[in-house]
Amino acid sequence: MLHTLQNDVLKITVDDHGAELKSITGLSDGTEYLFHGDKKWWKYTSPVLFPIVGKVVNNKYRAEGKEFELPQHGFGRISDYECIREAADEVAFRLVWSDETLRVYPYKFNLEIAYILRNNRVEVMWTVENLDDKEMYFSIGAHPALSCPIVEGENFDDYYLKFDLPEKSARILLSANGTLTHDRVPTIDGKELDLNYELFKGDALVFDDLKSDEISICSRKSKKSITVRAKGFPYMGIWTPAQGGAPLLCIEPWLGHADYDDFTGDITEKEGINKLPVGESFDAGYAFIIHE
């Protein structure tokens with residue numbers, strides 16, 4: 001079921017399945033700022049990554065003395081959520097542990113995802129609660145596919161990324177299996193990164209040292225832009241399908257990352273993993289800012 005929020009500036013729709021944002025439409029002229037989910041390129045629009053981000057080695061990981069199996073990015077993006085709150089400017093969803101989730105993830109949890117519409121902003125809020133009688137380990141991340149190009153008739157390479165702070169960063173290279181390697185390639189030097197499909201021939205650009213809280217998709221030919229504001233996220237992925245030609249660019253704030261290709265430890269030993277004590281909750285969020 002789709003849920004719609006609208007104000008004088010934007011209209012958004014969100015699906016119960018995956019609690020996934022499906023559309024961000026500017027009302028001044030109907031511009032769509034979120035990728036439309038054409039399966040030719042990618043079947044998602046803005047999946048929530050939980051309880052892992054990226055891939056674990058051979059799709060398997062160890063926790064609580066046992067081995068478990070999870071697909072890339074976990075089960076959060078392919079689960080049906082319950083809508084628990086709906087108002088003129090907010091809609092919220094909940095996913096709770098079940099016997100089925102315990103077979104692949106040994107922790108009892110409550111995950112709530114809220115979307116809040118404020119003027120030209122879409123705020124996304126996550127709350128993870130540990131309902132278990134032991135410490136819980138998890139990752140969570142965003143994977144929104146934003147329209148690029150934004151304006152009809154423009155091309156992907158008419159666009160660039162603008163960072164709110166000067167950056168000098170090398171991306172972490174991925175293995176052929178989608179896990180992280182220990183190799184890096186210098187990629188960003190300054191406040192702008194020109195976009196072209198060649199950048200993504202080796203899969204996503206993954207960073208662990210960006211200082212910027214805001215990354216914007218901007219055009220050299222027109223004024224419309226999209227900003228992702230993500231404060232306090234230690235990892236960032238930037239992606240478009242490696243074959244080139246897709247009208248989308250993902251800007252992905254992550255609290256966690258894929259396994260390194262040589263990682264053999266327990267989930268409790270994984271770099272970037274979040275630890276949540278019994279009975280406590282964890283809050284995080286990010287926002288889209290639309291510039292018409």
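Is Phe50 buried or exposed? Phe50 counts as buried, at 0% relative accessibility, where buried means under 20% relative accessible area, exposed over 50% and partly exposed in between (1.4 Å probe, protein chains only). The model is predicted: local features need pLDDT of at least 70, side-chain atom pairs count only at pLDDT 80 or more, and totals for chains, interfaces and linings use all residues. Residues are numbered from 1 along each chain as its sequence is written, and side-chain values use heavy atoms, with hydrogens and water left out.

**Aromatic rings**

- A search of the whole structure finds 19 aromatic pairs; rings of Phe, Tyr and Trp (its six-membered ring) pair if their centres lie within 6.5 Å, and planes under 30 degrees apart count as stacked, over 60 as edge-to-face and the rest as tilted.
- The ring centres of Phe50 and Phe138 are 6.2 Å apart and their planes meet at 50 degrees, so this pair is tilted.
- Phe50 lies in the loop between β4 (48-49) and β5 (60-63), while Phe138 belongs to strand β11 (residues 136-138), so the pair links parts of the chain 88 residues apart.
- Strands (E, at least two residues) and helices (H or I, at least four) are DSSP runs, numbered from the N terminus.
- Phe138 is likewise buried, with a relative accessible area of 0%.
- Ring pairs join Phe50 and Phe138 into a cluster with Phe75, Tyr105, Tyr107, Phe109, Tyr137 and Phe282.
- Arg220 lies over the face of Tyr160, at 3.8 Å from the ring centre; a charge sits over a ring if NZ of Lys or CZ of Arg is within 6 Å of the ring centre and within 35 degrees of the ring normal.

- In strand β19 (residues 235-239), 5 of the 5 residues are buried.
- Tyr235, Gly237 and Trp239 are on one side of β19, with Met236 and Ile238 on the other.
- β19 pairs with strand β16 (residues 205-207) in the antiparallel sense over 3 bridges; two strands pair if DSSP finds at least two bridges between them.
- β19 and strand β20 (residues 248-255) also run antiparallel, joined by 5 bridges.
- Ile238 stands opposite Leu205 and opposite Ile251 in β20.

**Cysteines**

- The count comes to 0 disulfides, a disulfide being a pair of cysteine sulfur atoms within 2.5 Å.
- For Cys218, the nearest cysteine sulfur is that of Cys148, 9.9 Å away.
- The sulfur of Cys250 is 11 Å from the closest cysteine sulfur, in Cys148, which is too far for a bond.
- Cys218 is buried at 8% relative accessible area, and Cys250 is buried at 0%.
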